Amino acid sequence: QVQLVESGGASVQAGGSLTLSCAASGHTYISNVLGWFRQAPGKEREGVATIYLGDDTSYYADSVKGRFTISLDSAKNTVYLQMNSLQPEDTAMYYCAAGLIPYGGTWSTQDHYNYWGQGTQVTVSS
């Protein structure tokens, strides 16, 4: 089992920044990626970014490239999502997830992720 606890969600104005954190514990060795997903009201959950634990290779959704940065502190088993230039369309519940994905696999497929956190709310006002 892997436990994931997110934090850092808040309400901000457009153009602002936030950093989300996700602390992983338990049998983290069974996963090779940690990712962030988000779900806005009335919309499907979508992949935001993911990072491979072995070499920090990261992938991003087109909608956040250049604005969001995913990073990993291996010593703390914590993954971060630095979010800059936030827009109202970034408003969503953000979830951290742990999975096992081969290199070249589809990082944004939710079925690849076996463990999920409870989520942290990000609200961006215009």
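Select S85 to start: at 36% relative accessibility, S85 counts as partly exposed, where partly exposed lies between buried (under 20% relative accessible area) and exposed (over 50%), using a 1.4 Å probe and protein chains only. The place of S85 is the loop between strand 8 and strand 9 (92-99); strands here are DSSP runs of E with at least two residues, numbered from the N terminus. Look at the backbone too: S85 is not a glycine, yet its phi is positive, about 50°.

A word on what you have open: this is a predicted model, in which local features need pLDDT of at least 70, side-chain atom pairs count only at pLDDT 80 or more, and totals for chains, interfaces and linings use all residues. Residues are numbered from 1 along each chain as its sequence is written, and side-chain values use heavy atoms, with hydrogens and water left out.

**Then the hairpin.** Select strand 7 together with strand 8 (residues 78-83): the two pair in the antiparallel sense over 6 bridges. Click on L72 and look across to V79 in strand 8, which stands opposite. What lies between the strands of this hairpin? There are 4 residues, and among them N77 takes a positive phi near 50°. N77, in the loop between strand 7 and strand 8, is a residue other than glycine. With a relative accessible area of 32%, N77 is partly exposed.

**Last stop: the other side of strand 8.** Strand 3 (residues 18-26) also pairs with strand 8 in the antiparallel sense, over 6 bridges. Pick S21, which is found in strand 3, and you will see that it stands opposite Y80 in strand 8. Is S21 buried or exposed? S21 counts as buried, because its relative accessibility is 19%. To see its surroundings, show the residues in contact with S21 (heavy atoms within 4.5 Å). Leaving aside neighbours within four places in sequence, these are V5, E6, S7, W36, T78, V79 and Y80.

Key: Two strands pair if DSSP finds at least two bridges between them.
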